[in-house]
Amino acid sequence: MHPYNHTQSTQAFYQKLLQWVLNAHQQTISTPFYIGINAAQGAGKTTLTAWLCAELAKHKLSAVGISIDDFYLSRAAQVALATANATNPYLQMRGYPGTHDIELGVATLNALKMQSDAIPVLIPRYDKSAHHGKGDRLAKPQWQILQKPADIIFVEGWMLGFQPNLQAQQNNVNLIAINKALPKYASWYHFFDAFIYLRAQDHRFVLGWRVQAEQKMKAKGLDGMSRQEVEAYTQTFMAAYEAFADSISQQALDVAQYVEIIIGQDRLPITA
């Protein structure tokens, strides 16, 4: 029996996802082809997306990855939102539904859809290390410039695809505002042709994953939160996973191609 190799297992998993993306793309006439990706915070969405984009280039397909984190409100707008909802712990920081600039997201996704060879598109970028880890949107000169139209556009986010759960707010009044915010995200989902849901077997894995992500950011010399701050920050999101993790479905998203895979603490599928 061969010894377990996490790197090799991850590569094998990614290869299967790549094949799924290629098959899904072959079955569509949409240009560009939009694929949404949901995975919990720290589960490796950005790493996976970057890998897929690089591999797709070997198949003569241009791809770009967009994180909904880059559509977070500016720091000033987030502070204003927090002040206006002073009793709601879920709106005191970036992350929850309601803390994104929906219109900026729609404008960016639409610009990519309408892009021609002669028109570069600016993609917003968000700096999570700004303001001692509280984050802020970067100035436009620091945004990514996409010079040419992409064949495939990945849009990834931890709460992407969440649908309202009115029953949950009966036991948690702070979720009322979150439920009211969720339908607005449908304007993003209308772009999607396909969707990948990498669902954590246990949402409590997120704590360890987020600590690892913060440590990696600090290792690069960037500012960030302390471990205690990371744990407090992450704990706030447990209510969202409990309320909305079951709400994602192919029917709700109205996409032609959909796959849901349950992943373990090692970020790999728990079944073949």
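**Entry 1. Asp69 and Lys128**

I started with the salt bridge between the side chains of Asp69 and Lys128, where N and O are 2.6 Å apart. The model is a predicted one, and I read the value as computed from its coordinates. Asp69 sits in the loop between E2 and H3, and Lys128 in the loop between strand E4 (126-127) and helix H5 (130-133). The two are 59 residues apart, so I noted the pair as a link between distant parts of the chain. I then looked up the accessibility of each partner. Asp69 has 13% relative accessibility and therefore counts as buried, the limit being under 20%. Lys128, at 32%, counts as partly exposed.

**Entry 2. Asp70**

I moved on to Asp70, which is placed in the loop between strand E2 (63-67) and helix H3 (75-84). Is Asp70 buried or exposed? Asp70 counts as buried, because its relative accessibility is 8% and the limit is under 20%. Next I looked for what its side chain meets. A polar atom of the Asp70 side chain lies 2.7 Å from the backbone nitrogen of Tyr126. With neighbours within four places in sequence left aside, I found Asp70 in contact with Leu104, Pro124, Arg125 and Tyr126.

**Entry 3. Other salt bridges**

I looked up the total and got 7 salt bridges in the structure. One of them joins Arg199 and Glu260, with 3.6 Å between the closest N and O atoms. Arg199 is in strand E8 and Glu260 in strand E9, 61 residues apart, so this pair also links distant parts of the chain. Both partners came out as partly exposed: Arg199 has a relative accessible area of 23%, and Glu260 is at 36%. I also found that salt bridges with shared partners join Arg199, Asp246 and Glu260 into one network. Another entry on the list is the salt bridge between the side chains of Asp202 and Arg204, at 2.8 Å from N to O. Arg204 counts as exposed because its relative accessibility is 59%, against a limit of over 50%.

**Entry 4. Strand E8**

Strand E1 (residues 33-39) runs parallel to E8 and is joined to it by 5 bridges. Strand E9 (residues 257-263) also pairs with E8 in the parallel sense, over 7 bridges. I used Leu198 as a reference point within E8. Ala39 stands opposite Leu198, and in E9 the bridge partner of Leu198 is Ile261. As background, side chains in a regular strand alternate between the two faces of the sheet.

**Entry 5. Aromatic pairs**

I counted ring pairs next and got 17 aromatic pairs. Trp158 and Phe237 have ring centres 5.1 Å apart and planes at 85°, so the pair is edge-to-face; the cut-off for that class is over 60 degrees. Trp158 lies in the loop between strand E7 (152-157) and helix H6 (175-181), while Phe237 is in the loop between helix H9 (227-235) and helix H10 (238-244). The pair therefore ties together parts that are 79 residues apart in sequence. Trp158 and Phe237 are both buried.

The rings of Phe192 and Phe195 have centres 6.1 Å apart and planes at 45°, so I recorded this pair as tilted. Phe192 is buried, with a relative accessible area of 5%, and Phe195 is buried too, with 0%.

**Entry 6. Whole chain**

I finished with the totals. The chain has 11 helices and 9 strands. Its radius of gyration is 18 Å, close to the 19 Å that the globule rule gives for 272 residues, so the chain is as compact as a globular protein of that length. Along its principal axes the C-alpha trace spans about 55 × 50 × 40 Å. Buried residues make up 49% of the 272 residues. For contacts with a separation of 6 or more, I noted that 78% are between residues 24 or more positions apart.

Methods. Residues numbered from 1 in each chain as written. Predicted model: local features only at pLDDT ≥ 70, side-chain atom pairs only at ≥ 80, totals over all residues. Heavy atoms only, no water. Pairing = 2+ DSSP bridges. Helix = DSSP H or I, 4+ residues; strand = E, 2+ residues; numbered from the N terminus. Phe/Tyr/Trp six-rings, centres within 6.5 Å; stacked < 30°, edge-to-face > 60°. Buried < 20%, exposed > 50% of the residue type's maximum accessible area, 1.4 Å probe, protein only. Polar contact = N/O pair within 3.5 Å; in protein donor to acceptor, adjacent residues only side chain to side chain. Contact = heavy atoms within 4.5 Å. Salt bridge = Lys/Arg side-chain N within 4 Å of Asp/Glu carboxyl O. Rg over C-alpha atoms; globule rule 2.2 N^0.38 Å.
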